[in-house]
Each structure stands twice: as structure tokens, then as C-alpha cells.
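Let's take a walk through a protein model together, one piece at a time. Keep the picture open as you read.

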Amino acid sequence: IKMINPEIIYFSSNITEREEGCLSIPGYNAQVKRPDSITVNYIDTDKNNITLEANGLLATCIQHEIDHLNGVLFIDHISRLKREVILRKAIKEFTTNKLV
């Protein structure tokens, strides 16, 4: 689904926890709680205004990708302690294994 200027206009109060990861921090995952269903308005590639109701994994994926547009990563949705552990490990791994 290609979305131009997506805006979530509804979040369900039903929350689901799923394992998320991201290519921004490859190899690291965490359990993230998000609304189980959403409604999103966006413009498609033909310049049509679209309203999409999404549930389950699709709702999670859309929220994850819209977070990127707002400078938010999945680790911003977990506890500070878990975030710091992931970041510390990732920084150590990526600085020791960097390509020369």
C-alpha cells in the first residue's frame, strides 16, 4: 500500500502486543503494545483520497511506518531500560563490526 500524507484518525482502545523489529536497528526486536485497529486517511498514487480501516498485523505495520515519518522507532514504545539495553548492544555490535 502506497500512502501519501497518511493520518491516523482513529485508534481502537483494544491494545495488542506484538514483536517488532526494524531495519533501522537490524537484528533487534521487542514486544510493542499498539492499538489493534486503526482508521487511516491518505492519498494514493492516483491522487485519490482514501480511508482505510486496518486491523491486526496490518494496523501494526501502518502505525510502525507512520511512526518513521514522525521520527519515532519501535524502541521509543518500550521501557527505558529495555531501550537502553538494545541500544547499548546495537552500538557495540555495529562499531565492532563496521566495514572498512
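Predicted model: local features only at pLDDT ≥ 70, side-chain atom pairs only at ≥ 80, totals over all residues.

The sections below go from the sheet to the helix and then to a few single residues.

Three of the strands make an open sheet, arranged in the order β1-β4-β5, with antiparallel pairing. The edges of the sheet belong to β1 and β5, each of which has a single partner strand, so one side of each has no neighbour in the sheet. From one strand to the next, the twist averages 25°.

What holds such an arrangement together in general? Strands of a sheet pair through backbone hydrogen bonds, and the pairing can be parallel or antiparallel. Here, β1 and β4 run antiparallel and are joined by five bridges. You can look for two examples: Glu7 has Asn41 in β4 as its bridge partner, and Tyr10 has Thr39 in β4 as its partner.

Is β4 largely enclosed or open? Five of its seven residues are buried, so β4 is largely enclosed by the rest of the structure.

## The helix on the sheet

Now find helix α1, residues 56–69, which packs on the sheet and touches β1, β4 and β5. The direction of α1 makes about 125° with that of β5.

A helix is expected to span 1.5 Å times one less than its number of residues. For the 14 residues of α1 that should give 20 Å, and the end C-alpha atoms are 21 Å apart, which agrees.

Several residues of α1 are buried, among them Ala59, Ile62, Gln63 and Ile66. Which elements cover them? The cover of the buried residues includes β1, β2, β3 (residues 29–35), β4 and β5. After the helix comes Gly71, with a positive phi near 75°.

Most residues other than glycine have a negative phi.

Asn5 has a positive phi of about 50° although it is not a glycine. Asn5 is part of strand β1, which covers residues 4–11. Is Asn5 buried or exposed? Its relative accessibility is 63%, and because exposed means over 50%, Asn5 counts as exposed.

Lys47 is also not a glycine, and its phi is positive too, near 70°. Lys47 sits in the loop between β4 (37–43) and β5 (49–55). These two strands make a hairpin with five residues between them, and Lys47 takes its positive phi there. With a relative accessibility of 73%, Lys47 counts as exposed.

## A buried serine in a loop

Where is Ser12 placed? Ser12 lies in the loop between β1 and β2, the latter being residues 15–21. Although Ser12 is in a loop, its relative accessibility is 9%, so Ser12 counts as buried.

What does Ser12 touch, leaving aside residues up to four places away in sequence? Its contacts are Pro35, Asp36 and Ser37. The side chain of Ser12 also reaches the backbone oxygen of Asn14, at 3.1 Å.

Conventions. Residues numbered from 1 in each chain as written. Heavy atoms only, no water. Helix = DSSP H or I, 4+ residues; strand = E, 2+ residues; numbered from the N terminus. Buried < 20%, exposed > 50% of the residue type's maximum accessible area, 1.4 Å probe, protein only. Pairing = 2+ DSSP bridges. Axes fitted to C-alpha atoms, helices over the stretch in contact; angles between N-to-C directions. Contact = heavy atoms within 4.5 Å. Polar contact = N/O pair within 3.5 Å; in protein donor to acceptor, adjacent residues only side chain to side chain.
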